[in-house]
Amino acid sequence: MPHSPSSAQRGRVRLARGASPWLLPTVATAAVSLTRARRSGRWAAVAVPATALAAGMLWFFRDPEREITQGRVISPADGVVQSIMPWKDGRTRVAIFMSPLNVHVNRAPLAGTVTSVEHIPGGFVPAFNKESENNERVVWHFDTELGDIEMVQIAGAVARRIVPYVPQGTKVEQGERIGLIRFGSRVDVYLPEGVDVAVEVGQATTAGVTRLDRD
């Protein structure tokens, strides 16, 4: 059964795992510049953009608790449905574009066992571009009650790092946090043959909340 956070937990926003390399230097710079700005106009000029950048980083790396939806396949990402494409093998690919304003922690679309986590090197063109098919990415496979489910995290023009949270062989619950993509990207989910899509192109999705399949 998916974990359901308490009302107190739902009101709490934590920071994403894997944020430290970006977050700590910006917050430290902002803190130092604010302290020294009291004695120096030069540091005051630095403090304004440094504080704004630190605030932006805190917002980007937010990781709110979610009430996980009941359903066969749920969205692994916050974003907007970019495309819905039938695949030659009968599956349907649902591509979700994540802007820098979205939460970038990704969640398991189904409960199951992680059978593969494969990092594939590539380029860094914008994730909404067709050429992004060749971008840096991490390909996940889950052994689930619906069979093998494939999910792909794709880096974008700014996203240069995909951080998986769980290794191959891990059993995950539906909606469990499984990874992070830094700074704008895309996540693809391949629905099995016979599973009808419940979302449409242009629809906003919320990780762990929006259901991708229809009964």
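Visitor: What stands opposite arginine 93 in E12?
Guide: Tyrosine 190 of E12 stands opposite arginine 93. Strands (E, at least two residues) and helices (H or I, at least four) are DSSP runs, numbered from the N terminus. This is a predicted model, in which local features need pLDDT of at least 70 and side-chain atom pairs count only at pLDDT 80 or more, whereas totals for chains, interfaces and linings use all residues. Residues are numbered from 1 along each chain as its sequence is written, and side-chain values use heavy atoms, with hydrogens and water left out.

Visitor: How many bridges join E4 and E12?
Guide: E4 and E12 pair in the antiparallel sense over 7 bridges; two strands count as paired if DSSP finds at least two bridges between them. Within E12, valine 187 is the bridge partner of isoleucine 96.

Visitor: And E8 with E12, how many there?
Guide: E8 pairs with E12 over 6 bridges, again in the antiparallel sense. Serine 185 in E12 has alanine 155 opposite.

Visitor: In what order do the strands of the open sheet run?
Guide: The order is E10-E6-E7-E8-E12-E4-E3-E14, 8 strands with antiparallel pairing. At the edges are strand E10 (171-172) and strand E14 (204-205), each of which pairs on one side only.

Visitor: How many residues of E12 are buried?
Guide: In E12, 7 of the 7 residues are buried, so the strand is largely enclosed by the rest of the structure. Buried means under 20% relative accessible area, exposed over 50%, and partly exposed in between (1.4 Å probe, protein chains only).

Visitor: Which of its side chains point which way?
Guide: Ser185, Val187, Val189 and Leu191 point one way from E12, while Arg186, Asp188 and Tyr190 point the other way. In a regular strand, side chains alternate between the two faces of the sheet.

Visitor: New topic: how many aromatic pairs are there?
Guide: The whole structure has 2 aromatic pairs. Rings of Phe, Tyr and Trp (its six-membered ring) pair if their centres lie within 6.5 Å; planes under 30 degrees apart are stacked, over 60 edge-to-face, and the rest tilted. Tryptophan 87 and tyrosine 190 form an edge-to-face pair, because their ring centres are 5.4 Å apart and their planes lie at 80°. Tryptophan 87 is in the loop between strand E3 (79-86) and E4, and tyrosine 190 is in strand E12, so this pair ties together parts 103 residues apart in sequence.

Visitor: Is tyrosine 190 buried or exposed?
Guide: Tyrosine 190 is buried, with a relative accessible area of 7%, whereas tryptophan 87 is partly exposed at 31% relative accessibility. Tryptophan 140 and phenylalanine 142 form a stacked pair, 5.9 Å centre to centre with 5° between the planes. Tryptophan 140 is buried at 0% relative accessibility, and phenylalanine 142 is buried at 1%.

Visitor: Which residues have the most contacts inside the largest nonpolar core?
Guide: Those are Trp140, Phe142 and Ile178, in a core of 35 residues. Such a core is a set of buried Ala, Val, Leu, Ile, Met, Phe, Trp, Tyr and Cys residues joined through side-chain atoms within 4.5 Å. Among the strands supplying at least two residues each are strand E7 (137-144) and strand E11 (177-181).

Visitor: Finally, where is aspartate 215?
Guide: Aspartate 215 lies in the segment after strand E15 (213-214) and is exposed, with a relative accessible area of 75%. The C-alpha atoms of aspartate 215 and arginine 72 are separated by 8.6 Å.
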